[in-house]
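Trainee: Hi, could you walk me through this one? I'd like to start with the ligand and then look at the fold.

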Amino acid sequence: MSVTHALPETDVVVVGAGFTGLYALYKLREFKLRVQAFEAGSGVGGVWYWNRYPGARTDSPSHIYQYWFSQELLADWNWNERFTPQEETERYLNHVADRFDLRKDICFNTRVTAANYDEKTHRWIVETDTGTRLSARFLIMGSGGLTELVTPDFPGKDSFAGECYHTARWPREPVDFKGKRVGVIGTGATGIQVIQTIQDKVGHLTVFQRTAHYTIPMRNPKLDDAARAELRARYPELREMVQNTTTGFDFNPDPRGYFEMSPEERRAQMERLWADGSLVFWVGAFADTLMNAEANEEISEFVREKIRARIKDPAVAEKLTPRGYGFGTRRVPLETGYYEAFNRDNCTLVDISATPITEITPTGVKTSDGEYPLDVLIYATGFDAGTGALTRIDMRGRNGVLLRDSWKEGIHTFMGLQVHGFPNMFMVMSPQSPAAAFCNVPTCSQQQIDWIVDCIDFVRSQGREAIEPSAAAEAQWVAHHDEVANTTLIPKTDSWYMGANIKGKRRSLLAYAGGVGVYKQLCDEVKAKGYEGLELA
Ligand code: NAP
């Protein structure tokens with residue numbers, strides 16, 4: 001181990017300057033802690049900095065998808081639509097960084113590559129790709145859950161001679177699609193947004209779909225002053241409410257199970273919530289949508305009917321109709337005009353579950369059925385979610401153990417906040433908390449940061465240097481997490497929720513499914529009991 005006393009020191013290193021990192025900076029300053037943040041991008045925004053692809057926008061309403069910590073910020077920021085586009089969210093986060101003078105503590109264009117825990121000094125030695133080495137007592141990983149992008153390893157993937165993009169590394173300069181033959185691989189939430197947005201701007205669009213998704217049509221009214229005033233009047237109530245509901249939104253699921261309602265009642269419920277054009281149809285319609293297979297199949301069929309009704313060609317409709325897994329057991333995207341894209345003459349749907357991609361060639365994509373010539377190829381192929389941003393860093397805890405090795409046989413955390421063997425390292429939006437997938441990021445990252453900063457303050461107020469969960473407390477949390485996961489239908493479906501999109505990743509539900517409110521209550525209890533389950537050094 002190198003000589004640590006010669007290194008520059010700070011109290012806390014924060015990794016990332018997205019929603020999480022910015023709030024962590026703000027909050028830690030309130031506690032008069034010295035903080036250094038590192039951000040790989042050239043600006044703030046995190047996922048909203050990198051994912052600037054055409055059509056990128058939130059699926060959470062703007063009156064929820066925001067910070068609550070400043071009355072002034074709430075008063076002076078005007079949201080323009082119910083669901084905010086990428087550029088507006090990025091502008092908002094830049095506004096927050098400027099308004100609270102957060103940039104001065106952020107080192108941009110700098111990627112954290114390693115973090116080693118020095119057991120003698122109880123400090124983390126953080127290293128970056130620009131050669132910085134810094135010693136910090138605490139490490140907060142705000143590196144995001146959807147950060148580490150995935151590009152499938154198709155034979156010949158580097159040979160494509162046209163323009164090639166991954167949605168999560170979209171360039172700042174506009175991409176000109178006019179008259180071009182464009183291919184999109186991937187039809188998850190991202191692919192759907194790209195496809196519906198560029199369909200009328202391209203010469204020809206070829207969509208390579210492996211699995212059809214269930215979707216909900218987005219209703220996205222513009223917000224005028226009156227609408228904003230109405231929402232603003234609810235902010236004090238919303239601020240509390242979102243922390244205590246099941247999914248961090250401003251509603252809870254109807255407490256009645258599907259079969260507790262009459263067929264007429266449940267049809268009316270589905271039609272009403274469908275018309276809302278939001279995720280309430282997914283996570284607010286019935287208490288048991290994601291637990292009762294029979295109810296789930298009926299809801300799935302309702303959505304299939306809605307999808308089929310919008311597509312002219314029955315053969316295309318059949319391909320776009322999701323089957324073989326239940327509604328809501330994968331992330332349900334909101335869409336706008338997605339299915340109508342396939343009614344256009346300039347759009348071809350290729351079912352790569354039937355005719356797989358065999359090769360990327362210099363001129364296009366080859367499937368078992370032939371070659372599709374392209375000028376532009378877009379990968380909307382997702383992320384190594386939850387773990388990717390953490391395990392790509394050479395993070396060594398006690399006894400030099402690497403986090404990625406420690407998680408090889410299965411992810412283990414204490415409430416998704418800390419890992420046994422990695423003292424003073426805190427994670428946000430990480431596996432085994434609702435924030436990893438079952439909560440909107442601002443709601444849950446604010447709750448987690450508040451808890452983390454209080455915990456750091458506790459360590460310092462006790463005159464101690466380090467805190468970490470006991471192995472027993474961690475094992476108890478993992479068992480509880482798994483038990484709750486297995487009460488749902490989600491583990492039956494392959495998706496990034498289960499790590500199934502990454503070869504070799506051990507299958508387990510990424511996010512805690514017990515509910516945002518329940519999780520907050522459990523976190524509050526740990527704190528109230530003097531950080532029960534955590535050990536001080
Ligand atoms: P994703 O949901 O993982 O979708 C990736 C797509 O690429 C899927 O269609 C997948 O097919 C396909 N794919 C992956 N590997 C492939 C391969 N080897 N061959 C062929 N196809 C392949 O990723 P995403 O769409 O980027 O979305 C990730 C998450 O980001 C979302 O679930 C959501 O939480 C978030 N997001 C949110 C918004 C929003 O709020 N509006 C927008 C975009 C993203 P299979 O389905 O067959 O695996």
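**Ligand, sheets and helices**

Mentor: Happy to! An oxygen atom of the ligand is 2.9 Å from an N or O atom in the side chain of Trp-496, which falls under polar contacts, meaning pairs of N or O atoms within 3.5 Å; within protein, one must be able to donate a hydrogen and the other to accept it, and residues adjacent in sequence count only if both atoms are side-chain atoms. Before we go on, this is a predicted model, in which local features need pLDDT of at least 70 and side-chain atom pairs count only at pLDDT 80 or more, while totals for chains, interfaces and linings use all residues. Residues are numbered from 1 along each chain as its sequence is written, and side-chain values use heavy atoms, with hydrogens and water left out.

Trainee: What does the ligand nitrogen reach in Gln-193?

Mentor: A nitrogen atom of the ligand is 3.1 Å from an N or O atom in the Gln-193 side chain. At Gly-188, a polar backbone atom is 3.5 Å from an oxygen atom of the ligand.

Trainee: Switching to the sheets: what is the strand order in the five-stranded one?

Mentor: The order is S7-S16-S8-S9-S12, an open sheet with parallel pairing. Strand S7 (163–166) and strand S12 (347–351) are at the edges with a single partner strand each, so one side of each has no neighbour in the sheet. On average, neighbouring strands here are turned by 15 degrees against each other, direction ignored. As for the terms, two strands pair if DSSP finds at least two bridges between them. Helices (H or I, at least four residues) and strands (E, at least two) are DSSP runs, numbered from the N terminus.

Trainee: How many bridges hold S7 and S16 as a pair?

Mentor: S7 pairs with strand S16 (residues 376–379) over four bridges, in the parallel sense. Glu-163 stands opposite Val-376 in S16.

Trainee: Which strands does helix H5 lie across?

Mentor: Helix H5 (residues 189–198) lies across strand S8 (181–185), strand S9 (204–209) and S16, and runs at about 160 degrees to S8. Axes are lines fitted to C-alpha atoms, for helices over the stretch in contact, and angles run from 0 to 180 degrees between N-to-C directions. Contact means heavy atoms within 4.5 Å.

Trainee: And the three-stranded sheet, is its pairing parallel or antiparallel?

Mentor: Antiparallel, in an open sheet ordered S13-S14-S15. Strand S13 (357–361) and strand S15 (370–373) are its edge strands, each pairing on one side only. Neighbouring strands are turned by 20 degrees against each other on average, direction ignored.

Trainee: What joins S13 to S14?

Mentor: A hairpin, through two residues. S13 and S14 pair over four bridges, and Thr-361 has Gly-364 in S14 as its bridge partner. S14 and S15 form a hairpin too, with two residues between them, and there Thr-367 has Gly-370 in S15 as its bridge partner.

Trainee: Helices next. How far apart are the end C-alpha atoms of H9?

Mentor: They are 22 Å apart in helix H9 (residues 293–308), which agrees with the 22 Å that its 16 residues should span at 1.5 Å a residue. The expected span is 1.5 Å times one less than the number of residues. At the start of H9, a side-chain oxygen of Asn-292 reaches to within 2.9 Å of the backbone nitrogen of Glu-294.

Trainee: What do the buried residues of H9 pack against?

Mentor: Helix H7 (263–276), helix H8 (280–283), helix H10 (314–320) and helix H11 (338–341). The buried residues of H9 include Ile-299, Phe-302 and Val-303; buried means under 20% relative accessible area, exposed over 50%, partly exposed in between (1.4 Å probe, protein chains only).

Trainee: Last one: is Val-283 buried or exposed?

Mentor: Val-283 is buried, at a relative accessible area of 14%. Val-283 is found in helix H8 and touches Thr-247, Phe-249, Phe-251 and Pro-253, leaving out residues up to four places away in sequence.
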